[in-house]
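Trainee: Before we start, please walk me through this model with the sequence and coordinates on screen.

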Amino acid sequence: TKDYTRSFSPFIKISTRTKGRQPVTMNISYNNSLTIDNNLSAGAKTTTRSLKDNITSTVQFTKKGGLNIPIFFFRDFYIDNDITFNLQTSWSKRVDKKRQNELQNFDDILPFTDTESLSFTPTITYSFTKWVSGTVHYSYEQTYNRRTGLNKNTDVGFNVNIKIQG
């Protein structure tokens, strides 16, 4: 066998951040890879070509602050409350083609694997104090495959973290 792999990870990546006390951070990247497997055994000369494309992006916003609660005859009680909003999106596509002999052109062959997926995940993290924080997330994923059709998955959840120190 003879194998060939070309991978650009990332092929293009852009990262930005706004100025200010509560900056917004944005990242986007594009990955591309090509794998060619040549099977040159006697009688079965096949070539398999796999092309993968992937685009991912992230947007994150954090608001830091606090809250003073006045208590009569005592000092004020200060509570940290930081909020972080994170949005992740992803798109990927994979196409696999197999050629049985050298006379066939790859452009004329239908793919035996053709998968495209899209996902979307917003997450909100709220920090009540340095000891208690909570996260709420939603996830949506849509996958299309030439053989199985369209599949959709959703997920909703939350986490509560309590730090115990002794």
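Trainee: In strand 8, which residue is the bridge partner of Thr-125?

Mentor: This is a predicted model, in which local features need pLDDT of at least 70 and side-chain atom pairs count only at pLDDT 80 or more, while totals for chains, interfaces and linings use all residues. Residues are numbered from 1 along each chain as its sequence is written, and side-chain values use heavy atoms, with hydrogens and water left out. Strands are DSSP runs of E with at least two residues, numbered from the N terminus. In strand 8, the bridge partner of Thr-125 is Thr-135.

Trainee: Is Thr-135 buried or exposed?

Mentor: Thr-135 is found in strand 8. Buried means under 20% relative accessible area, exposed over 50%, and partly exposed in between, with a 1.4 Å probe and protein chains only. Because its relative accessibility is 16%, Thr-135 counts as buried.

Trainee: Which side chain makes a polar contact with the side chain of Thr-135?

Mentor: A polar contact is a pair of N or O atoms within 3.5 Å; within protein, one must be able to donate a hydrogen and the other to accept it, and residues adjacent in sequence count only if both atoms are side-chain atoms. With contact meaning heavy atoms within 4.5 Å, Thr-135 touches Thr-123, Ile-124, Thr-125, Gly-157, Phe-158 and Asn-159, not counting residues up to four places away in sequence. The polar contact, at 3.4 Å, is with the side chain of Thr-125.

Trainee: Over how many bridges do strand 7 and strand 8 pair?

Mentor: Two strands pair if DSSP finds at least two bridges between them. A hairpin joins strand 7 to strand 8 through 4 residues. The two strands pair in the antiparallel sense, and the number of bridges is 11.

Trainee: How many bridges join strand 8 to strand 9?

Mentor: Strand 8 and strand 9 form a hairpin with 3 residues between them. Val-136 has Phe-158 in strand 9 as its bridge partner, and Tyr-144 stands opposite Leu-150 in strand 9. The strands run antiparallel, and the bridges joining them number 14.

Trainee: Which strands stand at the edges of the sheet?

Mentor: The open sheet is formed by 7 strands in the order 1-2-3-6-7-8-9, with antiparallel pairing. Each edge strand has a single partner strand, so one side of each is left without a neighbour in the sheet; these are strand 1 (2–17) and strand 9.

Trainee: Is Ser-127 buried or exposed?

Mentor: Ser-127 lies in strand 7. Leaving aside its neighbours within four places in sequence, Ser-127 is in contact with Asp-80, Asn-81, Asp-82, Val-132 and Ser-133. Its relative accessible area is 18%, so Ser-127 is buried.

Trainee: Which residues form the aromatic cluster?

Mentor: Rings of Phe, Tyr and Trp (its six-membered ring) pair if their centres lie within 6.5 Å; planes under 30 degrees apart count as stacked, over 60 as edge-to-face and the rest as tilted. Phe-8 and Phe-11 are an edge-to-face pair, 5.1 Å centre to centre with 65° between the planes. The rings of Phe-11 and Tyr-30 have centres 5.8 Å apart and planes at 80°, so this pair is edge-to-face. The one aromatic cluster is formed by Phe-8, Phe-11 and Tyr-30.
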